[in-house]
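Thanks for making the time, everyone.

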Amino acid sequence: MAQPTFIQTIVTSTRIRLARNLAAYPFPQKLNTKLAKEVVYLVEQSLAELDNFQKNDIATLSEEESILLQEQHLISPALIQRKGISAAFISPDKSISVMVNEEDHLRQQCIHKGFDLYKAYESINGIDDGLGSSLGFAYDKKLGYLTACPSNLGTGMRASVMMFLPGLAWSKELEKFIPQLKAGGLTVRGVFGEGTAAEGYNYQVSNERTLGTSEEEILDQMVRMTMTLCDLEIRARERMLKQKELPLKDACLRAYGTLTNCAVLTQKELMSGIVKVKLGLALGFFRARDMQDFNDFLADMRPASFRLENGLQDASEADCNVMRADIVHKVLPELVLRAD
């Protein structure tokens, strides 16, 4: 279903993550290497009955390949740290990934572009049912799914939306709203989840409460809060324009001009400029031919993604800076146009 334009400029993606453990095995912190590999094998066999998942043995991945999967939000930093016993199984379209032997035996997740929590839940719930029927999850009638961290007890589910909130960040309203979110069992984190910083006005909003509530209640609450934040963000953007339209427009247009008219472009310069272009889209100075194509382009320009997808694994940073400038010069004008 097509989303209203204002939501497309605010909600980048939707994710549902489920934490599960196998009842017949100790939690990952207590697993020896032999048992950990058994868990990986059992998950691999079970997933083979559900879809054509690609296995990624974390121990055999190069550092750049690991970073690439992390940039794509398909694995976590914690999984990389446990590379001796961990693996990740990824669906052909990369919308679903199953991490094995991270904090829990299984961290299943589904990521959808745009805003659709119910669709993401439906997709991952089917995988969860299939795995649960063949593997047998640790479950208690009172506590629900048993997890390594008590904060995941109950549903074991985290529903999250990635949001672009320059208005609320600029006005400092987000800081004021965070206590209200926490009181409602929600939290705000950085781009790559817990312990990471916000990047370019991007924030991950998710439920923190998993015990004593159902999956449906979590989803409904997340939808309501997302729409509330969208409304607050739109109002904050209107105030930004009322107070500082000319300097903001000038900064956004200058950034666009630099990005599309340079011969050398560092990663830092790209990120600094592209945030202003995205802000210009949010404030109406630019229009995107397709907002999702623009977001996909940003993802493709992250460091590891850029190098691997353009065959630049062994290239010098200087060569990457030239190639980066050339790609941005060619692609950005096709994605983003001035609104006037």
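**A polar pair and the nonpolar cores**

Let me begin with a polar contact of 2.8 Å, which joins the side chains of Q108 and D128; please bear in mind throughout that this is a predicted model. Q108 is found in strand β5, which covers residues 106-113, and because its relative accessible area is 0%, under the 20% cut-off, Q108 counts as buried. If we leave aside residues up to four places away in sequence, Q108 touches D128 along with a list of others, including I16, R17, V98, I124, L131 and F137.

Which residues touch the most other members of the largest nonpolar core? In that core of 52 residues, they are I16, V43, F89, L106 and M163. There is also a second, separate core, made up of 27 residues, with L259, M291, A325 and V336 among them. As a general remark, nonpolar side chains in soluble globular proteins tend to be buried together.

M163 lies in strand β8, residues 157-164, and is classed as buried because its relative accessibility is 0%. Finally, the C-alpha atoms of M163 and M227 are separated by 11 Å, the two residues being 64 residues apart along the chain.

Note on methods: Residues are numbered from 1 along each chain as its sequence is written. This is a predicted model: local features need pLDDT of at least 70, side-chain atom pairs count only at pLDDT 80 or more; totals for chains, interfaces and linings use all residues. Side-chain values use heavy atoms; hydrogens and water are left out. A nonpolar core is a set of buried Ala, Val, Leu, Ile, Met, Phe, Trp, Tyr and Cys residues joined through side-chain atoms within 4.5 Å. Buried means under 20% relative accessible area, exposed over 50%, partly exposed in between (1.4 Å probe, protein chains only). Helices (H or I, at least four residues) and strands (E, at least two) are DSSP runs, numbered from the N terminus. A polar contact is a pair of N or O atoms within 3.5 Å; within protein, one must be able to donate a hydrogen and the other to accept it, and residues adjacent in sequence count only if both atoms are side-chain atoms. Contact means heavy atoms within 4.5 Å.
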